[in-house]
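Dear colleague,

Please find the structure below, handed over for your records. My notes on it follow.

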Amino acid sequence: MGIENEPGGDSELPEVLEEAFARGAAEADPAEVAAADDRLRELLDKVAEPREEPLSVTEAGPDLRAAPASVVRTGRAVGLSADGLRVAIRGLDEPVLAALEPGLSRDLLRGAVERGERVVVEQVGDEAPVVVGLLQTQTAEALVLKAKKIHIEGEQEVLIRSGRGAMRIRQDGDVELVGSRISAMSRGLFRLVGRVLRLN
């Protein structure tokens, strides 16, 4: 069955999917839902538990007692500028301007300022304070990953799960997709290629 594109482009796709999911939920057979739940449990049972590797003992480094004293504080990010990050530290009347650790993402810091999140500030001896990282104090409601390329790699398995749906990718190339109802849509060619295609 083909799907014709209507005027409006990409903006109409979420509405089409939402209607399709609503129809699927209303027409769902309880027996199919129970079977999907059983299959999901089987899938989760197959996922290997992470193995704990023993910590290796490293060689002793230089004597840190000879290094200048280091002070680590936390504070609330209040402003980002070209010179650094302004941090409000408890006990100080005015925010402190701190330099940024090389490699620290300014996009992360902008988000920290917008949300009023806390950051970690380090000061060594008489040197200027430096922001070395962000402090996470609670589980985020949403996680946003933004990059030119994103790679997710698991040596043995990758499992993505939400409620009754899950996808598992194994090292041997086995890919398993489980859900109460699964919908797929393509504006162009939808192609399935395999040595054997089995329906039910």
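This is a predicted model: local features need pLDDT of at least 70, side-chain atom pairs count only at pLDDT 80 or more; totals for chains, interfaces and linings use all residues.

Strands E1 and E2 form a hairpin, with two residues between them. Five bridges join E1 to E2 (residues 84-88), and the two run antiparallel; strands count as paired if DSSP finds at least two bridges between them. Strands (E, at least two residues) and helices (H or I, at least four) are DSSP runs numbered from the N terminus.

Residues are numbered from 1 along each chain as its sequence is written, and side-chain values use heavy atoms, with hydrogens and water left out.

E1 (residues 70-81) also pairs with E4 (residues 118-124), in the antiparallel sense over seven bridges. There, Thr-74 stands opposite Val-120 of E4. The order E1-E2-E3-E5-E4 makes a closed barrel of five strands with mixed pairing. From one strand to the next, the twist averages 55° (axes are lines fitted to C-alpha atoms, for helices over the stretch in contact; angles run from 0 to 180 degrees between N-to-C directions). Helix H3 (residues 106-115) lies across E1, E2, E3 (96-100) and E5, at about 80° to E1; contact means heavy atoms within 4.5 Å.

Leu-143 is found in the loop between E5 (130-135) and E6 (157-162). Leu-143 counts as exposed because its relative accessibility is 74% (exposed is over 50%, buried under 20%, partly exposed in between; 1.4 Å probe, protein chains only).

With kind regards
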